[in-house]
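Here is a short report on one chain. Look at the fold first, then read on.

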Amino acid sequence: MTKRCSFCEFQTDDETAFAEHMRTVHKWDQLGSPSGPKAGTPSAVAFVIGAALALALNFVLALFAISGRPGLVIIVVAWLVTIGGFALLYRLHHWAAFGALGLYAALFFLLLIGGGATGPYTCFSAYGYPSPR
Ligand SMILES: [Zn+2]
């Protein structure tokens, strides 16, 4: 069966030749293919890195706020650092920002389910989440 390239006029009966054409001419690197130029970080890796960075950031912010009810300055700084961090991740790799956002959402809802309305306070007190006391 003849395969036809959707990007140009190239067509061939040979599966291997077609794959080679897509890879070399259009830089269409197949998933899991060890050869060929790496066009940036894979989305899945960026997603995990973004999530890990968000977890680290959240941990640091929680440490800052652990001593007691965080003041307005800490809350404002926490929001600015987080939004800035997400924007930076988004510029580096879209999926890194999605990973960070996903982790924050997952963390929030896990704490909400696990600890009730005051659950998220553990990790989100630096953002001004209301104290249970
Ligand atoms: Zn082509």
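Leaving aside neighbours within four places in sequence, which residues is Leu-89 in contact with? They are Gly-50, Leu-53, Ala-96, Ala-97 and Ala-100. Contact here requires C-beta atoms, placed from the backbone, within 7 Å.

## Basis

This is a predicted model: local features need pLDDT of at least 70, side-chain atom pairs count only at pLDDT 80 or more, and totals for chains, interfaces and linings use all residues. Residues are numbered from 1 along each chain as its sequence is written.

## Nonpolar cores

The largest nonpolar core has 12 residues: Ala-46, Phe-47, Ala-51, Ala-54, Phe-86, Leu-89, Trp-95, Ala-96, Ala-97, Ala-100, Leu-103 and Tyr-104. Two or more residues each come from α2 (43–65), α3 (72–92) and α4 (94–115). The largest share, six residues, is from α4. Another core lies apart from it, with eight residues, including Cys-123, Phe-124, Ala-126 and Tyr-129.

A nonpolar core is a set of buried Ala, Val, Leu, Ile, Met, Phe, Trp, Tyr and Cys residues joined through C-beta atoms within 7 Å. Buried means 20 or more other C-beta atoms within 10 Å of the residue's own, exposed 12 or fewer, and partly exposed in between, with C-beta atoms placed from the backbone. Helices are DSSP runs (H or I, at least four residues), numbered from the N terminus.

## α2 against α3

The axes of α2 and α3 are 11 Å apart, at an angle of about 170 degrees. The two helices are therefore roughly antiparallel (over 145 degrees). Axes are lines fitted to C-alpha atoms over the stretch in contact, and angles run from 0 to 180 degrees between N-to-C directions.

From α2, the contact uses Gly-50, Leu-53, Leu-57, Leu-61, Phe-64 and Ala-65. From α3 come Ile-74, Ala-78, Thr-82, Gly-85 and Leu-89. Eight of these contact residues are nonpolar, three are polar and none is charged. Gly counts as polar in this scheme.

## α1

Helix α1 covers residues 15–26. Its 12 residues should span 16 Å at 1.5 Å a residue, and the end C-alpha atoms are 16 Å apart, which agrees. The expected span is 1.5 Å times one less than the number of residues. Lys-27 follows, with a positive phi near 55 degrees.

## Pro-120

Pro-120 sits in the loop between α4 and α5 (121–124). Is Pro-120 buried or exposed? It counts as buried because 20 C-beta neighbours lie inside 10 Å. Not counting residues up to four places away in sequence, Pro-120 touches Phe-108, Leu-111, Leu-112 and Tyr-129. Pro-130 is 10 residues from Pro-120 in sequence and 9.2 Å away in space, C-alpha to C-alpha.

Methods: Contact = placed C-beta atoms within 7 Å. Parallel < 35°, antiparallel > 145°, perpendicular 65-115°, else oblique.
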